[in-house]
Amino acid sequence: MDNPTTPSVDNQSTFRSSSSSLNLPPTISRPYLSLQPQTPSHHIDRMFGVGYHPSPTRTIYSDRFIPSRSASNFALFDLSLPSEGREDGSKAYTALLHAALFGPDAGIAPPATPDKATGGRNFPATPPNIFRYKSETRTVDAFAFAFWVLDAPALQDDFYLNLVDWSSHNVLAVGLGNCVYLWNACSSKVTKLCDLGIDDSVCSVGWAHRGTHLAVGTSNGKLQIWDASRCRRVRTMEGHRLRVGAIAWSSSLLSSGSRDKSILQRDIRVQDDFVSKLTGHKSEVCGLKWSYDNLELASGGNDNRLFVWNQHSTQPVLKYCEHTAAVKAIAWSPHLHGLLASGGGTADRCIRFWNTTTNTHLSCMDTGSQVCNLVWSKNVNELVSTHGYSQNQIIVWRYPTMSKLATLTGHTYRVLYLAISPDGQTIVTGAGDENLRFWNVFPSPKSQVST
C-alpha cells in the first residue's frame, strides 16, 4: 500500500518580475513569471504566521524538541520558576524583535482554527493566498535549473490522486480540497473554477487534448465536465460507486478509473453516462494514459498490475505483473510507437519499459524510492520521474541508457503530481508540502533542430 493524509485552502496573489533567466514556454508572459527573489522576511513571516494560513488538518512536525515547563521539576535542580516580571520582559523583547524585522505596524496573525461545522477543514469562499509567488534558483549536476514556486494550500498528500494537469492552452488546473483552481501561465491570473461543497472533494483533473474542457473526478464517484473558458459545468456523469482518482482523454473517449476497481469509457457526445465498462483490476485504479495514436489505453492499479486495453476491449489485451507495488506512474513514448514506461510504489521502486507491439519487457531500473509519476520529453528522448519515500526527488533520465542527467530536490513531501508545459520545456511538480514547483528540464524543439 502506498498511502496518505489530508490538508486545507487559500486564494490569489500577484506575481513579481525580475531579470533572472528562465526557459519559459513561448506564450508565458515574462514580466509576470520571470524570477525575482522575494522579500527577505517571507521565510520569517511563515515562521511567525504573518499572512500564512496553515492547513488545520495536518499535524505539523518540527525538527527541534522544545520542552514543556509544566512537566518540569524545577525544585529537583534548585531552580525557581520564571517570575511574571521575566515573562513580561520576554514579551517586550519579542515585540521589539518583531518590530525590527517587520516594522512597527506589522501584526502577528494567529494560526487558523478549524471550523467544526465543516468537519475540521477550513475552506474559505475566497481564500486570499492561493498560488502565492515564491522564487528560488538552484544548480544541479552542472545544469542550471531555474524554477519558481507557488503556494498551493490543501494540495493533498495522497498517492492515488491526480490533482494537477497543464492544458494545450497553457492553463494549469489544480485540485485543492473541494475546489479546482486555474492558473493562466500567460497572464498569471488565478480563477476559481468550481467548489464541490463540504461533502465532496476533488480527486482528479484532466484537460481534453484540444479546447478548454476539463474533467473533474470527485470523491463521490462522479465525473464533471467543465468549460473552463466560461467557468460553466457542461455535464455530470455517473457510473462509479467510489472516488474517481484517474482520468485520461483520447480523441473520442474519456476514460475514468475508480477505487471501485473499474474503468469506464465515456463518449461525451452521447447521452449515456458511459459506453463500456472495463474490468480486470483487483484494487483501486490509480493510473490511466492513452497512447499518442489513441489506439491503446494503459492502466495501473493498487493491485500492482499494469494492463493495456484497445479501443473496443472490455478485458485487458496485455497484462504485466512484474511490479511489486501500486502502479500509478504510466507514460507512453512520443518518439517510438508502442514504447510504454511504468513505475512502482514503495515496495517496488522500479521503472520498467515495455514494447506493447511485440508484448515484451524491455528493461528495468531500480530508482531506490517510490515512483509517483513519469513523463516523456516531447523534444528529446528523455523522461522525468518523480519520487516519494524516501528521497522525495525528481530525476531526469536519458533513454535508453537510463543515465541520470540531473537529480532535483526541494520538495519536503512525496512528489505526487507532475505535468508538462505545452511546449515541452517546463514541468510542474506538486507535493503534500503544499507547493507547486516549476522546473526547466528539457530543451526547446528549435534548439534540437539547430544542433
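**Strands, hairpins and cysteines**

Modeller: Gladly! Let's begin at a turn: in the hairpin of E4 and E5, two residues lie between the strands, and Gly-177 has a positive phi near 65°. Keep in mind that this is a predicted model.

Colleague: How do E4 and E5 pair, and over how many bridges?

Modeller: As a general idea, strands of a sheet pair through backbone hydrogen bonds, in either a parallel or an antiparallel way. Here E4 and strand E5 (residues 179-184) are antiparallel, with six bridges. To find your place on screen, look for Gly-175, which stands opposite Val-180 in E5.

Colleague: Which strand does E3 pair with, and in what sense?

Modeller: Strand E3 (residues 164-166) is joined to E4 by three bridges, and the two run antiparallel.

Colleague: Is E4 buried or exposed?

Modeller: The idea to start from is that side chains in a regular strand alternate between the two faces of the sheet. In E4, Val-171, Ala-173 and Gly-175 are on one side, Leu-172, Val-174 and Leu-176 are on the other, and all are buried. Six of the six residues of E4 (residues 171-176) are buried, so the strand is largely enclosed by the rest of the structure.

Colleague: What is the strand order in the open sheet of four strands?

Modeller: The order is E23-E24-E25-E26, with antiparallel pairing. Strand E23 (371-376) and strand E26 (403-408) are the edge strands, each pairing on one side only. On average, neighbouring strands of this sheet are turned by 20° against each other, ignoring direction. Within the sheet, E23 pairs with strand E24 (residues 382-387) over five bridges in the antiparallel sense, and Val-371 has His-387 in E24 as its bridge partner.

Colleague: How many disulfides does the count come to?

Modeller: The test is whether two cysteine sulfur atoms lie within 2.5 Å. By that rule, the count is zero disulfides.

Terms used:
Residues are numbered from 1 along each chain as its sequence is written. This is a predicted model: local features need pLDDT of at least 70, side-chain atom pairs count only at pLDDT 80 or more; totals for chains, interfaces and linings use all residues. Side-chain values use heavy atoms; hydrogens and water are left out. Buried means under 20% relative accessible area, exposed over 50%, partly exposed in between (1.4 Å probe, protein chains only). Two strands pair if DSSP finds at least two bridges between them. Axes are lines fitted to C-alpha atoms, for helices over the stretch in contact, and angles run from 0 to 180 degrees between N-to-C directions.
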